[in-house]
Amino acid sequence: MQAAEAGETIQRETVSARRAGASAGRLHPELSLVSYALLGHLEASGGCRTTDLAALPALDK
């Protein structure tokens, strides 16, 4: 990946994360971005096991 491409990707992801964080805050003031992502995954998948959630690559500690 070229440096310019990497910069654009980082910028897009940052904007996306800020929007998701704002959405989480509108749902509940104490809902974190990670919690919002987990809930989104649960909704999209129709539910899953905790081990499946732990394996999601977009989440960290």
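Colleague: How many helices and how many strands does the chain have?

Modeller: Helices (H or I, at least four residues) and strands (E, at least two) are read as DSSP runs, numbered from the N terminus. Here the chain has 3 helices and 0 strands, and the order from the N terminus is α-α-α. Before we go on: this is a predicted model, so local features need pLDDT of at least 70, side-chain atom pairs count only at pLDDT 80 or more, and totals for chains, interfaces and linings use all residues. Residues are numbered from 1 along each chain as its sequence is written, and side-chain values use heavy atoms, with hydrogens and water left out.

Colleague: What span does helix α2 reach from its first C-alpha to its last?

Modeller: The expected span of a helix is 1.5 Å times one less than its number of residues. Helix α2 covers residues 33-45, 13 residues in total, and reaches 18 Å, close to the 18 Å expected at 1.5 Å a residue. Just after α2, G46 takes a positive phi of about 80 degrees.

Colleague: What radius of gyration does the chain have, against that of a compact globule?

Modeller: That radius is taken over C-alpha atoms, and the globule rule is 2.2 Å times the number of residues to the power 0.38. For 61 residues a compact globule would come out near 10 Å, but this chain has 14 Å. Its C-alpha trace spans about 40 × 25 × 20 Å along the principal axes.

Colleague: What share of the residues counts as buried?

Modeller: Buried means under 20% relative accessible area, exposed over 50%, and partly exposed in between (1.4 Å probe, protein chains only). Of the 61 residues, 8% count as buried.

Colleague: Which side chains meet in a salt bridge?

Modeller: You look for a side-chain nitrogen of Lys or Arg within 4 Å of a carboxyl oxygen of Asp or Glu. A search of the whole structure finds 1 salt bridge: D52 meets R49 at 3.2 Å, N to O. D52 is partly exposed, with a relative accessible area of 29%, whereas R49 counts as exposed at 56%.
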